[in-house]
Number of protein chains: 2
Amino acid sequence: MQKTPYRDLEARFARLDALEGASAMLHWDMSAMMPAGGAESRAEQLAVLKTLGHAMLCAPEMADLLGAAATQSDLDPWQRANITEMRRRWVHATAIDDTLVEALSRACSACETVWRGARAENDFARVLPFMKEVLALTREVGAAKAEKLGVSVYDALLDEYEPDGRAHDIDAIFADLEAFLPDFLSDVMDVQARKPAPLPLDGPFPIDRQRGLGLSIMKSLGFDFEHGRLDVSLHPFCGGVPDDVRITTRYSEDDFASSLMGVIHETGHALYERGLPTQWSRQPVGKARGMSLHESQSLLMEMQACRSLQFLSFAAPIMRKAFDAQGPAWTADNLARLYTRVEPGFIRVDADEVTYPAHVILRYRLEKALIGGDMRLEELPGAWNEGLHALLGITPPNDRLGCLQDIHWYDGAWGYFPTYTLGAMTAAQLFDAARKAQPGLPDAIARGNFAPLLGWLRSHVHERASSASSTDIITAATGKALDADIFKNHLKARYLEAT
Amino acid sequence: MQKTPYRDLEARFARLDALEGASAMLHWDMSAMMPAGGAESRAEQLAVLKTLGHAMLCAPEMADLLGAAATQSDLDPWQRANITEMRRRWVHATAIDDTLVEALSRACSACETVWRGARAENDFARVLPFMKEVLALTREVGAAKAEKLGVSVYDALLDEYEPDGRAHDIDAIFADLEAFLPDFLSDVMDVQARKPAPLPLDGPFPIDRQRGLGLSIMKSLGFDFEHGRLDVSLHPFCGGVPDDVRITTRYSEDDFASSLMGVIHETGHALYERGLPTQWSRQPVGKARGMSLHESQSLLMEMQACRSLQFLSFAAPIMRKAFDAQGPAWTADNLARLYTRVEPGFIRVDADEVTYPAHVILRYRLEKALIGGDMRLEELPGAWNEGLHALLGITPPNDRLGCLQDIHWYDGAWGYFPTYTLGAMTAAQLFDAARKAQPGLPDAIARGNFAPLLGWLRSHVHERASSASSTDIITAATGKALDADIFKNHLKARYLEAT
């Protein structure tokens, strides 16, 4: 095969992919297997792999290769899309110099460490100077990337998590949701109050049985254990590489529901990774398309498919068998009431499907203001508390339950938050389209048959990888761009109309 | 700190160490965790890491840096020894060009694959042409390294596993053993025949209890679970990095003894890795000193310490408790008889302590003749069978039980075999010296207290790492170079004099 600039780039990115795959496996190991004493040498391993990968991306020949490849006339649309994604990675890597990368990395480490103590002791003032440093350097990074990408500073940061995502579009979608949510929540609470409270499930639920139940449901959903594993970690995640997807969960003997729904959530992520086109697996164009589409795949499985009465009517007897349980608490109806309970609270990660968007919208508005320089960090706690009150009608009694709760900002992840709710909305829209395309889909789910759903997702989302933008993928799959009405209709159907 | 050539080299080798540590963890994962479907992407990851490491070692500036560092007058003895080990790695990496490395690697893969089928179907002729290719390329590699190292072709191959090891020295030691073994074996069989046969231990032995027993004995031996793990793999090994040592075992419900002794063996390897000096952990001089010293540490724990009546008198009640067992089969005496049973057989990996050296001496003589061009591969099966008969008085009925049994040669590991028996002899000599230095040592072991033994090994072996040759380490620790008499005395004491 002749060595064209494009082929040269493909070979380079394949090597980079192997390095990044190695890092992904080591990250998984660090969370799921590594004894505490291995931390120091693991940090060295990961740092060296990262440095080598960065050097590959920033090699002096890259600019010319990317330029020359773009003029090749012999490329097909996937190869052209591949060049676009290669260039995106190259721009993000080269926009900022090593000194700034290192300064930010050091500031994040320091801030995250202080944040752990500050959160535990409810002391925002303590972490404030460290957070200021992180924010200042993040804005510097954003400004450098913004110049290269020709977008705003916030959009430049967002682009790393949500390629081609723009605050302008998110503003419109979130404004729509924000107008809808407070009244809707009040209606939901009224409806819920008129129904019997769900009966609690009495534990303990032995961990080996929870694990067995999780594995069995993963299998029903289509997880391929020849290409993946389920293990335990403190913070559940989906890691590894598409050939070998490692998902994790955590167990509590008192509550199996949260682990099970977590397993289903991570399985959604895993199915996306597994469904990516194998012939492009080592190239940027073959990777999952951004965080919001990734989150849509996990939330589609968890929120759309598996908190439904259909799925729970399939799962209820399996759950009863897993725990030798019986009685009225274990009916599909009661399980559905348990799994769709709505209750405004302070903590995002504990939030239900209805109140979750409020947590995200709040963070999105605040981070945009902070990055844009429209708000000072000193104002954050007050703005947070006012914002949450406006959205959910409750005010955090302290910063631990307020602006100190999430690691993201303290660890340098600015521009990440909107992808959670964009993902939830995308999930609703994709599930709606899949049901319309295949009217038998809910019945199949009620029989534990996820093949029709997975088949539809594979061809409409997974196999497209990064060959098109999120918006193009959603539009091609559902007939329209992301539309808050579909998400709102889903919420109305589930929380107002369900029996 | 000023950037001297030596400091430059240290920084380069630290990076290389991190890369190799990453590879080690990925190898462990591949054997202990990875689902089958992950093989292809893992192979890519490992290949890219290896290529990057090789490029670091072969960087054009290395020759000058090594030369300049060697003339620095400001270095201490460890730094000088470090340069020696850096140079050794550099010579092995640069002596052969990439084409040859790749040709050998491809020949080994092909040969190993064919060997698996050939062994299963007892068909040496099938693998012969592939083995010829491996041998020819191995001789080519050996010749290239021999020229750079100024040693024989066989010694050049041996040097990779046993730095500074020389066939001339091994010949003398093995000749001594070879003269001793046949008559000794006959005496042992006579003595054994006059004693009652050991009572068998009746299973099944549940795997979770075997694991619990293994963990408990590992703890007694001094394994630090803050810096390591025990898992399962098809072929037990000790992997990972000194900060995070991963050992594996395999379980059979019918037999707990082989898994337990395997765990003890790997724990010996692990304790060596953990005992290496932390301040040198990322440098070549801080690594374990060759295969024979490594094997000495595993065999010291397994053969010297833990197949002793002292250890078994400590372990017997723990074993009984682990399996709710009782009766005359579970006394320390009976366990000791079981664990020191001698029986000539065809398979090396199943061999006892007395007959094992015969298997190794046979392979050593044959591989030296093949590498030296004194024997043709076609002659191997016949020479093997004659050789085993001369040493053990038995003749393999087929090649599956003969020259097809071990993977080593088929996979390109020539010059490795002697380290097994050198390790066994070194273990006897070190244990003998440790007992003389600390007369209370056997009593401590009988109480399950390995601290005195481990303390002695740490200061006399582990902490010396690669700062001196194996011979110098053994001489400093025991007062003399490797001496077959000490190993022979150990065998006589255990197998002829024991009650």
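Close-up 1. H265(A) lies in helix α10 of chain A, residues 257-275; helices are DSSP runs of H or I with at least four residues, numbered from the N terminus. The model is predicted: local features need pLDDT of at least 70 and side-chain atom pairs count only at pLDDT 80 or more, while totals for chains, interfaces and linings use all residues. Residues are numbered from 1 along each chain as its sequence is written, chains are lettered from A and ligands numbered from 1 in the order in which they are written, and side-chain values use heavy atoms, with hydrogens and water left out. An unreviewed UniProt entry carries the annotation "binding site" for H265(A), H269(A) and E295(A); UniProt positions follow the numbering used here, feature names are shortened, and annotations may be inferred rather than shown by experiment. These residues are spread over 31 residues of sequence but cluster in space, the largest C-alpha distance being 8.8 Å. H265(A) counts as buried because its relative accessibility is 11%; buried means under 20% relative accessible area, exposed over 50%, and partly exposed in between (1.4 Å probe, protein chains only). Leaving aside neighbours within four places in sequence, H265(A) is in contact with E295(A), S298(A), L299(A) and E302(A), where contact means heavy atoms within 4.5 Å.

**Close-up 2. E295(A) in helix α11 of chain A.** Helix α11, residues 290-306 of chain A, holds E295(A). With a relative accessible area of 12%, E295(A) is buried. Residues up to four places away in sequence not counted, E295(A) touches H265(A), H269(A), T419(A), Y420(A) and G423(A).

**Close-up 3. E266(A), annotated as "active site".** This UniProt feature, from an unreviewed entry, is placed at E266(A). The residue E266(A) is in helix α10 of chain A and is buried, with a relative accessible area of 9%. Apart from neighbours within four places in sequence, the contacts of E266(A) are P236(A), F237(A), C238(A), I247(A) and T248(A).

**Close-up 4. Packing of helices α1 and α4 of chain B.** Two packed helices are described by the angle between their axes and the distance between the axes. The axes of α1(B), residues 5-32, and α4(B), residues 77-94, come within 11 Å and cross at roughly 55°; axes are lines fitted to C-alpha atoms, for helices over the stretch in contact, with angles from 0 to 180 degrees between N-to-C directions. The helix α1(B) is therefore oblique to α4(B); angles under 35 degrees count as roughly parallel, over 145 as roughly antiparallel, 65 to 115 as roughly perpendicular and the rest as oblique. From α1(B), the contact is made by Y6(B), R7(B), L9(B), E10(B), F13(B), L16(B) and E20(B), and from α4(B) by Q79(B), N82(B), I83(B), M86(B) and R89(B).

**Close-up 5. Packing of helices α8 and α20 of chain B.** Helices α8(B), residues 167-194, and α20(B), residues 484-497, pack at an angle of about 5°, with axes 11 Å apart. The two helices α8(B) and α20(B) are therefore roughly parallel to each other. Among the contact residues are F180(B) and F184(B) of α8(B) and F487(B) and L491(B) of α20(B).

**Close-up 6. Helix α13 of chain B and its cover.** The buried residues of α13(B), residues 332-339, are A332(B), N334(B), L335(B), A336(B) and Y339(B). Their cover includes α10 (257-275) and α12 (309-322) of chain B.
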